[in-house]
Number of protein chains: 2
Amino acid sequence: MTSSQAVQCEQTMRALRHASLVVNSKWKLPLLVALLTGTRHFRGLERSVAGISTKMLAKELKELEAQHLISRTVYPGPPVVVEYQALPYAQSLNPVIEVLKAWGMQHEQHVEALKAVSMA
Amino acid sequence: MTSSQAVQCEQTMRALRHASLVVNSKWKLPLLVALLTGTRHFRGLERSVAGISTKMLAKELKELEAQHLISRTVYPGPPVVVEYQALPYAQSLNPVIEVLKAWGMQHEQHVEALKAVSMA
DNA sequence: CTGGATCCGGAAAGATACTG
DNA sequence: CAGTATCTTTCCGGATCCAG
């Protein structure tokens, strides 16, 4: 390995660490996908992100808000309505989501293929 | 939201869940970056992936091997040498790594900019 | 010395019941 | 509806220990 490769490698890892603050979470990207598809309410998000618990939903929404990726708006009622919305900056994650979606789909196929071989 | 959007959204989440098996880990991508840069030994990986413990390194290596992303070869010694190597399939993650690197770098800038504004 | 496995304590994730 | 409180379980990191 050349020294320029080592420098490249370290830069990549530094960038990955920063990206992981958002990406390296079980729920944040699915949540953002739901929010980028439209404005949602707490219950709606809970339904559209399969498997998430109310506790994790509340926590992840708070974190995404702190990261300026989504906004939380309260419309005083009655009835009180709380609306979560993806901020424009969240759109910058679209390429990331696309690539992960593509890789995830092909990886599912890859795993299926391996399973078929191992059973043969 | 149209129903085709809903279908698209579910497909995306399904793909993200599969991708997250590999990507959604603190150490797997950094480890793969190190391994894609060259064949490495246990201690070398421990050094090049900043902050990882021997326990997590051993665990993540096992998982990556089970996922057919890397290979583990033992050359009986003495001294015994164990060599970890990225399998060809691991190269399919290169686009994922690239896009995450790009987003991570720009996100670091974005966060810096926000910090500067908040201090002004 | 390298390549791990094991034990322990704190932190985070999950399930779910409950509240305004 | 929009969460919080509580309890359980699982995960992570550090230190230590062991085999070749």
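Modeller: Around DNA strand C there are 16 residues, and the closest are Lys55(A), Lys59(A), Arg43(B), Arg72(B) and Tyr84(B). A residue is near a molecule or strand if one of its heavy atoms lies within 4 Å of it. This is a predicted model, in which local features need pLDDT of at least 70 and side-chain atom pairs count only at pLDDT 80 or more, while totals for chains, interfaces and linings use all residues. Residues are numbered from 1 along each chain as its sequence is written, chains are lettered from A and ligands numbered from 1 in the order in which they are written, and side-chain values use heavy atoms, with hydrogens and water left out.

Of the atoms of DNA strand C within 4 Å of the protein, 57% are part of sugar or phosphate, and the rest are part of bases. The side chain of Arg43(B) has an N or O atom 2.2 Å from a base nitrogen of DNA strand C. For Arg72(B), a side-chain N or O atom is 2.3 Å from a phosphate oxygen of DNA strand C.

Helices (H or I, at least four residues) and strands (E, at least two) are DSSP runs, numbered from the N terminus. α4(A) makes the largest share of this surface, with 4 residues. By type, the residues near DNA strand C divide into 7 charged, 5 nonpolar and 4 polar. Here Ala, Val, Leu, Ile, Met, Phe, Trp, Tyr, Cys and Pro count as nonpolar, Asp, Glu, Lys and Arg as charged, and the others, Gly among them, as polar.

DNA strand D also has 16 residues around it, of which Thr54(A), Arg72(A), Tyr84(A), Lys55(B) and Lys59(B) come nearest. Sugar or phosphate accounts for 62% of the atoms of DNA strand D within 4 Å of the protein. An N or O atom in the side chain of Arg72(A) is 2.4 Å from a phosphate oxygen of DNA strand D. α4(A) gives the most to the surface near DNA strand D, with 4 residues. That surface divides into 8 charged, 6 nonpolar and 2 polar residues.

Next come the two protein chains. Their contact (heavy atoms within 4.5 Å) takes 42 residues from chain A and 42 residues from chain B. Chain A and chain B bury about 4,000 Å² between them, 71% of it on carbon and sulfur atoms; buried area is the accessible area (1.4 Å probe) that two parts lose on being put together, summed over both. The rule finds 2 salt bridges across this interface, a salt bridge being a side-chain nitrogen of Lys or Arg within 4 Å of a carboxyl oxygen of Asp or Glu. Glu108(A) and Arg14(B) form a salt bridge, with their closest N and O atoms 2.4 Å apart. On the side of chain A that touches chain B, α1 (3-23), α2 (28-37) and α5 (94-119) of chain A give two or more residues. Among these, α5(A) gives the most, with 14 residues.

As for confidence, chain A averages a pLDDT of 91, and 98% of the residues score at least 70; pLDDT is the predictor's confidence in each residue, from 0 to 100. Within chain A, the mean is highest in α4(A), at 96, and lowest in α1(A), at 85.

Definitions and conventions. A polar contact is a pair of N or O atoms within 3.5 Å; within protein, one must be able to donate a hydrogen and the other to accept it, and residues adjacent in sequence count only if both atoms are side-chain atoms.
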